[in-house]
Amino acid sequence: MKTMFFTTAALVAGLCAAPVAMAKTAACHATTEKQIAALFDRWNASLQTGEPARVVSNYADNSILLPTVSNKPRISREEKLDYFEHFLPNKPAGKIDLSKIFIGCNTAVDAGLYTFTMGDGSTVKARYTYTYVWTGKQWLISSHHSSRMPE
């Protein structure tokens, strides 16, 4: 637990520090924890469509996906599409179990625990971290890390 806290704290510190230079030339987009939490709901709803392109539209162009059920990092749009083409037939539906949100200047982090229920009734419990970036028009995922719980 301590390791996760310090890793998350270091990640947040880096993400919040990086936009400082940008803040001098761009205004920080105001947001709330509720609005950031709703981004998971948007992503989860896109899963329910069964359309990989709808899911991938939640990710920024230069984002990275480190998925739960694949050992391969997904960096390009095509790699993310490939992952969701294979994941969505399982009919996953996510539910947040624990969330901690951090808000910076045009960035945000949502980290915690979630559970996926698959179409066959099986469940996968995992840890997650979503980092978001404000594009000037919308919040998009800049990085998404998910890993099964170790027990």
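**A close look at the link**

Modeller: Let's start with cysteine 28, which counts as partly exposed because its relative accessibility is 44% (buried is under 20% relative accessible area, exposed is over 50%, partly exposed is in between, with a 1.4 Å probe and protein chains only). Cysteine 105, at 12%, counts as buried. Bear in mind that this is a predicted model, where local features need pLDDT of at least 70, side-chain atom pairs count only at pLDDT 80 or more, and totals for chains, interfaces and linings use all residues. Residues are numbered from 1 along each chain as its sequence is written, and side-chain values use heavy atoms, leaving out hydrogens and water.

The structure has one disulfide (a pair of cysteine sulfur atoms within 2.5 Å). It joins cysteine 28 to cysteine 105, with the sulfurs 1.9 Å apart. The link is left-handed, at -100° about the S-S bond. Cysteine 28 sits in the loop between helix 2 (19–23) and helix 3, and cysteine 105 in the loop between strand 2 (93–103) and strand 3, so the pair ties together parts 77 residues apart in sequence. Helices (H or I, at least four residues) and strands (E, at least two) are DSSP runs, numbered from the N terminus.

Leaving out residues up to four places away in sequence, tyrosine 130 touches, among others, Phe40, Trp43, Tyr114 and Ile141 (contact is heavy atoms within 4.5 Å).
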